[in-house]
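Please look through the sequence and the three-dimensional structure shown here before reading the briefing that follows.

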Amino acid sequence: MKVDKMSISLVDDLGEAVRSAARKSGIGLSTWLAQAAAAKLRTEALSEFLDDWEHIHGQLTAAELARAESELGLHVVAHQVGAA
């Protein structure tokens, strides 16, 4: 598999937290960071999709969000419906 090597810089506290999280996960630092980056990209893609969907169909209602949370097994304390 081809890899893209890169150098990154993190503030001390964040760097140590990332190293610690990778150790706790039992995976290497590069793998942990790659998984975190992939998760961030998925989150951004989903956010963009939902923004586009709401632009076409209207904003999701509190009931629709509650149903989605229930079906996905999520527990979200509060919503900011309509927040930009």
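Accessible areas come from the Shrake-Rupley method with a 1.4 Å probe, and for residues only the protein chains shown count as cover. By that method the protein chain exposes about 7,500 Å², of which carbon and sulfur atoms supply 58%. This is a predicted model, in which local features need pLDDT of at least 70 and side-chain atom pairs count only at pLDDT 80 or more, while totals for chains, interfaces and linings use all residues. Residues are numbered from 1 along each chain as its sequence is written, and side-chain values use heavy atoms, with hydrogens and water left out.

**Overall build**
- The protein chain has three helices and zero strands, where helices (H or I, at least four residues) and strands (E, at least two) are DSSP runs numbered from the N terminus.
- Of the 84 residues of the protein chain, 6% count as buried, where buried means under 20% relative accessible area, exposed over 50%, and partly exposed in between (1.4 Å probe, protein chains only).

**Second largest pocket**
- A pocket is an open set of points on a 1 Å grid over the protein atoms alone, where a 1.4 Å probe fits, with protein on both sides within 12 Å along at least five of seven lines; its lining residues have an atom within 4 Å of a point.
- The second largest pocket has a volume of about 560 Å³, a volume being the space filled by probe spheres set on grid points that are joined across faces, edges and corners.
- Of the 17 residues that line this pocket, the closest to its centre are Met-6, Leu-29, Ser-30, Leu-33 and Ala-34.
- Helix α2 gives the largest share of the lining of the second largest pocket, six residues.

**Salt bridges**
- A salt bridge is a side-chain nitrogen of Lys or Arg within 4 Å of a carboxyl oxygen of Asp or Glu, and by this rule the count comes to three.
- Side chains of opposite charge can pair when their charged atoms come close.
- Arg-23 and Glu-16 meet through their side chains in a salt bridge (3.0 Å, N to O); Arg-23 is exposed at 54% relative accessible area, whereas Glu-16 is partly exposed at 40%.
- Lys-40 and Glu-44 form a salt bridge (3.6 Å, N to O), and both lie in helix α2, four residues apart, about one turn of the helix.
- Glu-71 and Arg-67 form a salt bridge (2.7 Å, N to O), and they are separated by about one helical turn because they lie four residues apart in helix α3 (residues 62–72).
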